[in-house]
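Thanks for coming. Please look at the structure first.

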Amino acid sequence: MRRALMVLCLACAVTPLDAQERDRARLVAAIDSIADAPIKAGRAAGMSVAVVQGADTIRLKGYGYADLELEVPTPDRAVYEIGSVTKQFTSAAVYQLQEQGKLSLDDDITKFLPTYPTQGHRIPIRRLLNHTSGIKGYTEIPAFWSSIAMRTLPRDSLVALFASQPFDFPPNDGMIYNNSAYFLLGLIIEKASGQPYERYVEERLFTPAGMRDSRYCSDQAIVKRRAKGYEFAPPAPGGAPALRRAAYLVHVWPYAAGSLCSTVRDLVIWTRALHGTGRGGTVLGGDAYRRYVTPDTLNNGHRLRYANGLMVTEMGGRRIIGHGGGIYGYVSDLRYYPDQDLTIAVLINTAGPASPAQIADAIVDRVLGPPAEPPRAARFAGDLRPFAGAYQGASRGRELTVTMIVDSLGLGVQRAQGEPRRLAYVDGTTFAIGSTRYRFVRSGADVTELHVDEVGGYYVLRRTKP
């Protein structure tokens, strides 16, 4: 009898541990299923995923193929081009140089680039960091793709191209995502540090953090474990789209806006070095880090949700600091949840329908549980009819036209030729759908402007038709 009780008690003692192990196995299986799905569906060649919470590495694995032609499975420590995830490294370098006294974020860019034609504007360095300079983005200029992108030329040939373009808006009047700004930041880093951008990033960011597999991308160097980049070919008549090798890209041009290569493991190491446990790590001092993750305010008093190459916002009731990237053959997403000390990195070697952000969203919901239900939306107490009409203004690479519709169901928004979508009331004259906010601005009794805040862009649209 005594022995039977002892066995029973031992069984009770191990049951919670067994339950934890089963929960862990189910979580890992769910992450694997999320990552495998687009590969099995033929929407991506391969992928690497890292999920780390605190000191716990929940999953760090490669899926699919790094090389389809040779049928090479995605290895551990697979190296990918990370595109615009590069921007947080560039901005961290700028903040380090400010800590070293070699520049100030309030310095006009002509202190380091004296021949840059500012067209009568004063452009502090901080405006480059937050996409609020108004300078035209070079990836939105057709002549870049037709005459420069595939050629190896001096960097000032690209600067001459975008510097001659009219500004999208006066500095700090709006925000349009801008690769030209980060190209200029690379040049400023070189002038202020006295080192090539590539060497500064390697010596002051990669090496101190312990990122042994990260580097400035090269279109010629032999890189061990590099995943080849793919894209989708347009379908033939009656056929389906198919994977093909990505187009060639000269890495002179993405530069400080998008030319770094890394692994999911190294990106987790970087996130820990940059953010620590949400209060700053070893990359920047405490005061500098707090400024680094604090969005600026536009001239109209609006606080952005973007700071220094990072989205700093809330999604599903959770604070998030992160950024995505896309470049020929590769897409990426790196995000950090400071309240849960959770890092998720997703790197895919296919530019196409597989979305690293959607994969990361699905993973975080499995790790942290479904997002909190939004509170029941309040109803706008006034008359919605003055908001109806068409609004137009500059956005990334094109004029954006938004039409507001008022009917018996409330306020709806129509963009381009899409179907109208219903807006939820937030407060004041602000409405939202998903993460995008629409704020109406009055001049006297009339509604004259619509401000569209998409986190990665803040567009000031003027009313064109009531």
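The largest cavity holds about 50 Å³ of space. A cavity here is a set of points on a 1 Å grid, over the protein atoms alone, where a 1.4 Å probe fits but cannot get out. A volume is the space filled by probe spheres set on the points, with grid points joined across faces, edges and corners.

Before going on, some ground rules: this is a predicted model, in which local features need pLDDT of at least 70 and side-chain atom pairs count only at pLDDT 80 or more, while totals for chains, interfaces and linings use all residues. Residues are numbered from 1 along each chain as its sequence is written, and side-chain values use heavy atoms, with hydrogens and water left out.

How many cavities of 30 Å³ or more are there in the whole structure? The search finds two.

Back to the largest cavity. Its lining, meaning residues with an atom within 4 Å of a point, consists of S48, L60, K61, G62, P75, D76, R77, A78, T263, V264 and R265. Strand 2 (56-67) and helix 9 (264-275) each supply at least two residues of that lining, and strand 2 has the largest share, with three. Helices (H or I, at least four residues) and strands (E, at least two) are DSSP runs, numbered from the N terminus. By class, the lining has four nonpolar, three polar and four charged residues. Nonpolar covers Ala, Val, Leu, Ile, Met, Phe, Trp, Tyr, Cys and Pro; charged covers Asp, Glu, Lys and Arg; the others, Gly among them, are polar.

The second largest cavity has about 40 Å³ of space. Around it are Q88, T271, H275, L310, I321, G322, L334, R335 and Y336. Helix 9, strand 10 (318-327) and strand 11 (330-337) each give two or more residues to this lining, with the largest share, three residues, from strand 11. The classes are four nonpolar, four polar and one charged.

Now the open space. A pocket is an open set of points with protein on both sides within 12 Å along at least five of seven lines. The largest pocket has about 860 Å³ of space. Which of its 38 lining residues are closest to the centre? They are S84, Y177, H323, G324 and R396. Strand 10 gives the most to the lining of this pocket, six residues. The lining divides into 18 nonpolar, 13 polar and seven charged residues.
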